[in-house]
Amino acid sequence: MTDLTKLPSWADDDNIFAVVETPRGSSCKLDFDPKLGVFALAKPLMAGLTYPYDWGFIPSTKAEDGDPLDVLILHDAQTYPGVVLRCRPVGILEVEQKSKGKKGTKRPRVCGA
């Protein structure tokens, strides 16, 4: 399988590429594992919860935690893990998250546009 994390970030002057990891309606979080070339189960959601929108990443980017930048994708089509979409960015959120007692900030940085 192609390493989806190494696709170009930009589709053209106005649009980015976004790789869907967890599609809308899923009751579990999936993550792309570039070493294995597969989408792996990260964790199930609590009973009755589902993702309301597609969630994925912007290829060829890297946040401070080393992962590609996350992307929330708003659109009407049904997708599945691995679909690459051309998207128009409408905003950026800088998110502080806690993991194992450590605080970290996800700041955007494009590596290979």
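Phenylalanine 32 is buried, with a relative accessible area of 9%; buried means under 20% relative accessible area, exposed over 50%, and partly exposed in between (1.4 Å probe, protein chains only). Phe32 belongs to one aromatic cluster together with Phe39 and Phe57. This is a predicted model: local features need pLDDT of at least 70, side-chain atom pairs count only at pLDDT 80 or more, and totals for chains, interfaces and linings use all residues. Residues are numbered from 1 along each chain as its sequence is written, and side-chain values use heavy atoms, with hydrogens and water left out.

**Aromatic pairs**

- The structure holds 2 aromatic pairs.
- One of them joins phenylalanine 32 and phenylalanine 39, with 5.1 Å centre to centre and 55° between the planes, and is tilted.
- Rings of Phe, Tyr and Trp (its six-membered ring) pair if their centres lie within 6.5 Å; planes under 30 degrees apart count as stacked, over 60 as edge-to-face and the rest as tilted.

**The sheet**

- An open sheet is built from 4 strands in the order β5-β4-β1-β6, with antiparallel pairing.
- The edges are β5 (69-73) and β6 (84-87); each has a single partner strand, so one side of each is left without a neighbour in the sheet.
- On average, neighbouring strands of this sheet are turned by 45° against each other, direction ignored. Axes here are lines fitted to C-alpha atoms, for helices over the stretch in contact, and angles run from 0 to 180 degrees between N-to-C directions.
- β4 (residues 54-58) pairs with β5 in the antiparallel sense over 5 bridges.
- Aspartate 54 has isoleucine 73 in β5 as its bridge partner.
- Two strands pair if DSSP finds at least two bridges between them. Strands (E, at least two residues) and helices (H or I, at least four) are DSSP runs, numbered from the N terminus.

**Salt bridges**

- The count comes to 2 salt bridges, each defined as a side-chain nitrogen of Lys or Arg within 4 Å of a carboxyl oxygen of Asp or Glu.
- Aspartate 12 and arginine 86 form a salt bridge at 3.4 Å, N to O. The pair links distant parts of the chain, 74 residues apart: aspartate 12 lies in the segment before β1 (16-22), arginine 86 in strand β6.
- Aspartate 12 is partly exposed at 34% relative accessible area, whereas arginine 86 counts as exposed at 53%.
- Aspartate 31 and lysine 29 meet in a salt bridge at 2.7 Å, N to O.
- Aspartate 31 counts as partly exposed at 30% relative accessibility; lysine 29 counts as buried at 18%.
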